[in-house]
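The sequence and the model are shown first, and the description follows.

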Amino acid sequence: MRLSQMLFVTLREDPAEAEIPSHKLLLRAGYIRRIGSGIYAYLPLMWRVLKKVSQIVREEMDATGAQECLLPQLQPADLWRESGRWDTYTQAEGIMFSLTDRRDTELGLGPTHEEVITTIAKDMVRSYRQLPLHLYQIQTKFRDEIRPRFGLMRGREFIMKDGYSFHTSEESLKKTYQDMDRAYSNMLRRSGLEFRAVDADSGAIGGSGSQEFMVLAEAGEDEVLYTEDGQYAANVEKAVSIPADAEPSPFATFEKRETPGTDTIDKLGKFLKCSPTQVVKNVLYQAVYDSGITVLVLVSIRGDQDVNQVKLLNELTKLAPNYQAKTVLFLTVPDAEAQGKWAAKSLPLGYMAPDLADDYIAGSKEVNSKFLRLVDRTAVDLTNFVTGSNESGYHVVGANWNKEFPLPATVVGVRTAKKGDRAVHNPEQTLQSARGIEVGHIFQLGTKYSQAMGATYTSEQGEEMPLIMGCYGVGVSRLAQSAVEQSYDKDGIIWPVAIAPYHAIISIPNISDAQQVEVAEKLYAELNQSGIETLLDDRDERAGVKFKDADLIGIPYRIVPGRSLKSGKVEIVERATHKSHEILIEEVNATLKEWIDAAIK
Ligand code: ATP
Ligand code: MG
């Protein structure tokens with residue numbers, strides 16, 4: 001491609017709309033254009049990158065025996081009603097774009113394809129002989145994200161590879177899951193990314209496991225906890241650890257103390273000169289179940305610990321049958337407005353005790369009249385602890401479970417693991433923390449969808465059995481931008497060679513110099529012919545401008561037919577290192593081929 005004929009517009013300034021380096025650079029270098037919130041056009045350079053990433057993904061998937069297909073993006077609401085996800089996806093989470101067609105039929109734009117694929121399997125898979133089966137597609141997904149941001153990282157329209165596998169046994173599912181683990185690692189390695197596979201939350205469905213593939217970068221929205229010995233890595237949503245030991249309590253007798261202005265653990269610890277590990281803190285949540293019932297949840301946890309909302313959500317989902325429900329629609333810390341809807345009187349916020357009386361709740365058909373009381377394991381063994389008194393400005397000290405306060409019947413593990421905690425597999429190892437961008441997620445689903453949608457097969461013994469499923473997603477467009485987030489410098493993008501839009505760019509320093517133009521044209525034709533994807537910067541611009549642009553768009557090798565032409569050579573500059581080489585014109589092709597092959601491996 002000749003730059004003189006290309007839609008090539010670069011910006012000198014960082015666009016105001018972008019916050020993180022990769023987003024700024026992709027906009028400045030003319031790879032993407034924002035069309036609306038979370039909606040981007042992939043311009044020709046970007047499209048080439050996306051095609052390369054897709055091709056790597058495709059090759060790795062095909063190598064495992066998975067088959068590519070293409071499923072509809074328009075999905076009938078009825079399918080989602082069968083799986084039970086229509087209301088959650090269109091209303092509660094609101095992640096799915098939905099519409100009504102001219103016949104008054106409701107449809108959704110696919111955010112994911114479990115429903116569609118399960119319906120296909122239900123129709124087409126009859127016998128165990130057809131299994132295992134693994135189908136995948138590479139396609140645009142739609143999600144009405146609450147906070148679209150960072151360009152392609154969190155779009156409302158983005159490209160994903162999603163695959164779904166069907167099995168007769170857990171062992172068969174595990175085998176495919178392991179194949180996917182390997183395929184995903186290969187995809188990321190081949191795309192030139194530094195990443196870590198981590199244990200991930202598999203939500204309330206449990207399943208037997210799920211892993212996320214995290215690209216390590218400061219701008220990552222996820223926190224990863226890991227140990228130096230390489231034995232443990234998990235998303236903070238899932239991570240477990242051994243908390244610090246509690247210090248023995250200095251309070252031997254139970255009494256109520258005036259503790260003015262101590263509505264935080266920090267202030268309380270300073271005031272009472274005690275450690276937060278001697279405090280039982282009581283945190284209030286509000287859960288709305290899909291049966292329409294709101295439940296107020298009081299979680300008692302050790303003062304130095306924090307509740308992890310994902311773990312709490314999973315616990316609350318397990319308790320759904322108690323509230324005639326299947327799932328939790330919302331989980332929040334109720335603000336003043338929310339409290340106004342159910343509080344019978346004003347709450348002693350910051351001073352609540354584990355036995356906060358149920359008469360704070362004005363119960364109704366929609367609001368459960370009793371607190372759901374949960375205690376985290378970290379609080380169970382505390383003795384002579386400090387906690388609230390249910391009266392503003394006062395705490396109690398020297399309290400004990402089942403003496404002054406009944407121990408809540410439901411003991412849960414909902415604390416957030418944190419950096420510095422001891423690791424469970426080896427307490428000598430402490431957890432380290434890093435930021436990660438989730439680019440892939442592999443998941444053992446089990447029979448959640450097949451059971452809900454009646455997708456069965458006939459087993460060897462002639463029984464009707466639900467299909468056992470796995471699903472595997474990788475964000476193609478997010479992956480491409482992650483590569484930039486991991487690889488840039490002050491001059492611009494540094495693409496890993498394997499996914500760069502072009503391998504090389506020939507920048508003609510002076511287009512009125514006939515010899516320069518002649519050599520450039522010759523190399524341009526030759527290189528492209530031999531499979532080295534090459535751009536030709538034949539614009540009537542100063543050499544400095546061309547070099548700056550070449551650096552900004554991040555093409556791995558810049559070829560300059562300049563002064564060295566006298567000795568039959570051109571200059572080749574490596575983008576990543578700015579290292580310059582003088583290479584004989586007739587050796588350019590072979591040299592580049594060697595470098596590119598070595599870089600792509
Ligand atoms: P996140 O937690 O970041 O919202 P998710 O867990 O909802 O992602 P999955 O349903 O697991 O995402 O989708 C598979 C992959 O699709 C993700 O690992 C990610 O790479 C990509 N992805 C998900 N949402 C987006 C988005 N809004 N924009 C770009 N890529 C996305
Ligand atoms: Mg995910």
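## Terms and model

A residue counts as buried when its relative accessible area is under 20% and as exposed when that area is over 50%; in between, the residue is partly exposed. The structure described here is a predicted model.

## The magnesium ion

Two residues coordinate the magnesium ion (ligand 2): Glu 438 through OE and His 441 through ND1, at 2.3 to 2.5 Å. Glu 438 has a relative accessibility of 22%, so this residue counts as partly exposed.

## The surroundings of ligand 1

Ligand 1 is surrounded by 14 residues, and the closest are Arg 143, Glu 145, Arg 154, Gly 155 and Glu 438. By class, this shell contains five charged, four polar and five nonpolar residues.

Several side chains place polar atoms beside oxygen atoms of ligand 1. For Glu 438, a side-chain N or O atom is 2.6 Å from an oxygen atom of the ligand. For Arg 143, a polar side-chain atom lies 2.9 Å from an oxygen atom of ligand 1. For His 441, the distance between a side-chain N or O atom and an oxygen atom of the ligand is 3.3 Å. On its own, ligand 1 has 580 Å² of accessible area, of which the protein covers 80%.

Strand E8 (157–167) and strand E21 (432–446) are the elements that give two or more residues to the shell around ligand 1. The most comes from E21, which gives four residues.

## Glu 145

Glu 145, one of the residues closest to ligand 1, is found in the loop between strand E7 (133–142) and E8. Its relative accessible area is 14%, and Glu 145 is therefore buried.

The side chains of Glu 145 and Arg 154 make a polar contact of 3.1 Å. Not counting residues up to four places away in sequence, Glu 145 touches Ile 95, Arg 154, Gly 155 and Arg 156.

## Arg 85

Another loop, between helix H3 (77–83) and helix H4 (86–92), holds Arg 85. With a relative accessible area of 9%, Arg 85 is buried, because the limit for that class is 20%.

The side chain of Arg 85 is joined to that of Glu 115 by a polar contact of 2.8 Å. When neighbours within four places in sequence are left aside, Arg 85 is in contact with Trp 80, Thr 112, Glu 114, Glu 115 and Tyr 449.

Notes. Residues are numbered from 1 along each chain as its sequence is written. Chains are lettered from A and ligands numbered from 1 in the order in which they are written. This is a predicted model: local features need pLDDT of at least 70, side-chain atom pairs count only at pLDDT 80 or more; totals for chains, interfaces and linings use all residues. Side-chain values use heavy atoms; hydrogens and water are left out. Donors are N, O and S atoms within 2.8 Å of the metal (3.2 Å for Na, K and Ca); water is not among the atoms, so sites may look incomplete. Buried means under 20% relative accessible area, exposed over 50%, partly exposed in between (1.4 Å probe, protein chains only). A residue is near a molecule or strand if one of its heavy atoms lies within 4 Å of it. A polar contact is a pair of N or O atoms within 3.5 Å; within protein, one must be able to donate a hydrogen and the other to accept it, and residues adjacent in sequence count only if both atoms are side-chain atoms. Accessible areas come from the Shrake-Rupley method with a 1.4 Å probe; for residues, only the protein chains shown count as cover. Ala, Val, Leu, Ile, Met, Phe, Trp, Tyr, Cys and Pro count as nonpolar, Asp, Glu, Lys and Arg as charged, and the others, Gly among them, as polar. Contact means heavy atoms within 4.5 Å.
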